[in-house]
Structures are given as structure tokens and as C-alpha cells.
Amino acid sequence: MRIQTIRGFRDILSEEAGKWRYVEDTAREVLDWFGFKEVRLPILEKTSLFARSIGENTDIVEKEMYTFTDKSGDSLTLRPEATASMVRMFIQHSLYGQPKAAKLFTIGPMFRRERPQKGRYRQFWQVDAEMFGFTHPLADAEIINVVDTILKKLVVPDYEIHLNSLGCQNCRKAFKKALQLYLEDKYNELCPDCQRRYKSNPLRVFDCKIATCKEALKDAPLITDYLCSECQTHFDTLQSYLSHLGIAFTLNPYLVRGLDYYTKTTFEVIIPGIGAQNAVAGGGRYDNLIKELGGKSTPAIGFAIGMERLIPCVPDSIPQKRPIFLALLGAEAVKLGLIWAKALREGGIWTEIDYRLGSLKSQLNRANRLQAAFTLIIGEDEIKNGKAILRNMDTKEQINIPVAPEQGLNIVLKILGREKVGRD
Ligand SMILES: [Zn+2]
Ligand SMILES: [Zn+2]
């Protein structure tokens, strides 16, 4: 039997990968403008890192992690998200108070064993950015500003930023109590998962996708009615900054996100009309997590963009590159062609040779299939005359170029530059 990809996993073939590269490059560029530095982290971590950070009672930790025991008996997990690893790194390398470690990002694959469906894969990619050390809502505004700037630069249409505050430990305590009281009455309407969770972690009921649970929550108390004055001021200030920046947002008091570590600000970027999996980015503040994982108390806020969901929403406006093709006939022409190819490539030009070295007709055919903009033809006659032929593949117009690269290269580069061949 032929071996195929694992269920929920997939290959990204070259045409699509070109778009991925464009989106990643754009994200990197915008993150550069805001002063974020890139880091690269392991994909495999100790299981306890995720159990302690994401929370034992979350869907991710209870059901979705790729966890296994390695040969030395350690429980290891393929990372289901990047924030926990970022925090582990921050603590491990003691990056407290270092300006260059205050804003970090990473791009890479995450793994969750969810039910595969449209737009959802078990290996999925995220752009993940985190800010460490800032309590002021200005940091929250900047984090949302980064996401908004990336989406605008990618010309993503019709996205909505949903915003909520989950309060701090103080105000959440009162809210939790009110919510538990409310859910006690609705106990019989809840699914078994929610019945189990409402006592230990009632906020998780908001994550439940089951219709009856959603219905049961219709008149539930809202966290935003329980915010303490500090959290309320933080939330109000953030909203005033976003309005000032002209970033539109929708307040969504049901937005709790599926992780335990969030405090105060949480947000999601939704694109209505792309199906059930419509959140392309999300994030929030997690002021207690670093301390909970054994570090020095350090406030933090971050976001993740889901590449699989974002990329279909990015319009296909990537300028298509076209190569120059070298049609080479005869042993001498091949040698000279290699020097031409070297010089053109060092000049930043995508240069193609047909390594089968067939007839002129078959080489030109290959050039057409590669959508070459120009073909430089070198044969025995051209070497004898000292003149190669440069053929414009669209107009079929041909001109003579000195066959020696020392004399001909600049002329060709000038023509290619004018036609924007092989360059962005
Ligand atoms: Zn509070
Ligand atoms: Zn439920």
C-alpha cells in the first residue's frame, strides 16, 4: 500500500507555499516595524508545561494534545500553542527587564488532535508574538495594532476585532461565584463535560460548542459586569486608544478563549462568512502566568495568527515572477551558458536551463512551459559570430546581444530590469 499523510495532516505544495512565504514575510516585516525580535523554539516540550499553563480542565489539555512517553520515561508533548513555550524560554533564560527581549515572536507549527474539518488541521501554523513586562493598556493597544497592521498590509477584507476583559483574580472570583450559582439552576441542560467543569472552572462552559450549552448560557452573568475599578479603567483606556487609532472593535462579553491563563484583555479577529472556524487571530493578557510557572512576577500580553485560516482570506495579488531561460546548443554553448547563468543568478535573476539539452524546439517548449519572459539562445553559430539571440517570449521579438557575458550581461540586466523579470 502507498504511504500517505496522517489524517488531519497535509502537504503544502509549492504554489500554495509561495503564498505562505509572502504572508510570513509580511508578518515579519510588520513585526520588525514594531520592534519584535524573532526567536525559534523547540516543538517538543515537557507535558507539565502545558498542563500547568493552559490548564488541566481545558479541551486542549484534556483531549487534544499529542502526548507520549519517551524512552527515558518522560512525558513529552508536541506543543499545542506557542505562548507556554515562550514563557518557559523567558523564565529559563532570565530575560527580565531586557529591552531586546521585551517583544518577541516566533513562526512555526503547533499540534492538536482535534476532529479534522474544513480549515482545521492537526498540524497548524501560527505567527505568535508576545510582549513581556508591561502593565499599561498601551501595550494591549499596541498588540492589537500589530495584528491590525498585518491584516491591513495583507489587504484581508471584512475582519472584525472582538474584544473582552476577563478581569483579574479579584474580580473574577466574584464573577465565578455568580456564574456557578447561575449554572447550578441550568445543570440538567448542560452537556456532561460542562456538568463536570462548572464547579472547578465555570468559565470553560463559555467555550462549549454544543447548542444546548450555548442556549443555557443565554442569560448568564457577564464578566464585564464584575470588573473591579482597576480592570475597568484598564479596559476603558484600551478602548480609547483603539478608537484613537481608528481601529474598529466589537465588545464581546462571551469571549473567554479556551485557555486558563488570560487576565484582563482578550481579543479575537473574526472573519464572518468563512465557516465555523472563523477566528483568524486571537490573544490576550496573562499577567500571572510567568509567576505561576516559577518565574518572577511579570505581566505579559500576546497574540497568535492562524496561518491556515488567514491564508485563504488573503487576496492573490502576489506579483508572479518569471525566469530567463538559456537555450544552449552544443558543448561550447553549454560551458558559456553556465557562466551566463552564474552571472545572471548573482545579479538576482531567476535563470533556468533545460538539463536534458534537447533540440532548440524542445528547449523553447520548456521555456514556454516555465513561462519564461526571455530566452537567451546560444549555439555554435552564435559563438562564431560573437552574438547571442535574446528572444522576448511574449512578443517573439529577437535582438542580438554580445555572446560573452563580460560584454552582454549589463545589456541583458538592463532589459530584464525594464521588464521586471525575475525580480520582485
Ligand atoms: Zn480586576
Ligand atoms: Zn457543554
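Predicted model: local features only at pLDDT ≥ 70, side-chain atom pairs only at ≥ 80, totals over all residues.
Residues are numbered from 1 along each chain as its sequence is written, while chains are lettered from A and ligands numbered from 1 in the order in which they are written.

**The domains**

Begin by colouring residues 14–168 together with 228–313 as domain 1, and residues 324–419 as domain 2; these bounds come from an automatic or database domain assignment. The centres of domain 1 and domain 2, taken over C-alpha atoms, are separated by 49 Å.

**The largest core**

Next, select Val127, Val147 and Ile305, which touch the most other members of the largest nonpolar core, a group of 75 residues. A nonpolar core is a set of buried Ala, Val, Leu, Ile, Met, Phe, Trp, Tyr and Cys residues joined through C-beta atoms within 7 Å. A residue is called buried if 20 or more other C-beta atoms lie within 10 Å of its own, exposed if 12 or fewer, and partly exposed in between, with C-beta atoms placed from the backbone. Helix H5 (residues 137–153) gives this core its largest share, eight residues; helices (H or I, at least four residues) and strands (E, at least two) are DSSP runs, numbered from the N terminus. Another core, of 24 residues, lies apart from this one and includes Ala327, Leu344, Ala372 and Leu390.

Move to glutamate 130 in strand E6 (residues 123–132), which is buried because 26 other C-beta atoms lie within 10 Å. Not counting residues up to four places away in sequence, glutamate 130 touches Thr83, Met86, Leu104, Ala300 and Gly302, where contact requires C-beta atoms, placed from the backbone, within 7 Å. For contrast, select isoleucine 6 in the segment before helix H1 (14–33), which is exposed, with 8 other C-beta atoms within 10 Å.

**Strand E10 and its partners**

Now show strand E10 (residues 279–285), where six of the seven residues are buried, so that the strand is largely enclosed by the rest of the structure. Strand E9 (residues 263–270) runs antiparallel to E10 and is joined to it by six bridges, and strand E11 (residues 300–306) pairs with E10 in the antiparallel sense over five bridges; strands pair if DSSP finds at least two bridges between them.

Strand E13 (residues 351–353) pairs with E12 in the parallel sense over three bridges, and glutamate 352 of E13 is the bridge partner of phenylalanine 325.

Finally, select helix H12 (residues 331–346) and highlight its buried residues, Ala333, Leu336, Gly337, Trp340 and Leu344. Seen down the axis of H12, these residues fall within an arc of 110 degrees, so they line one face of the helix; the arc is that of the directions from the helix axis to the C-beta atoms. Ala331, Lys335, Lys342 and Glu346, on the other side of H12, are exposed. Following H12 is glycine 348, whose phi is positive, near 85 degrees.

Note on methods: Contact = placed C-beta atoms within 7 Å.
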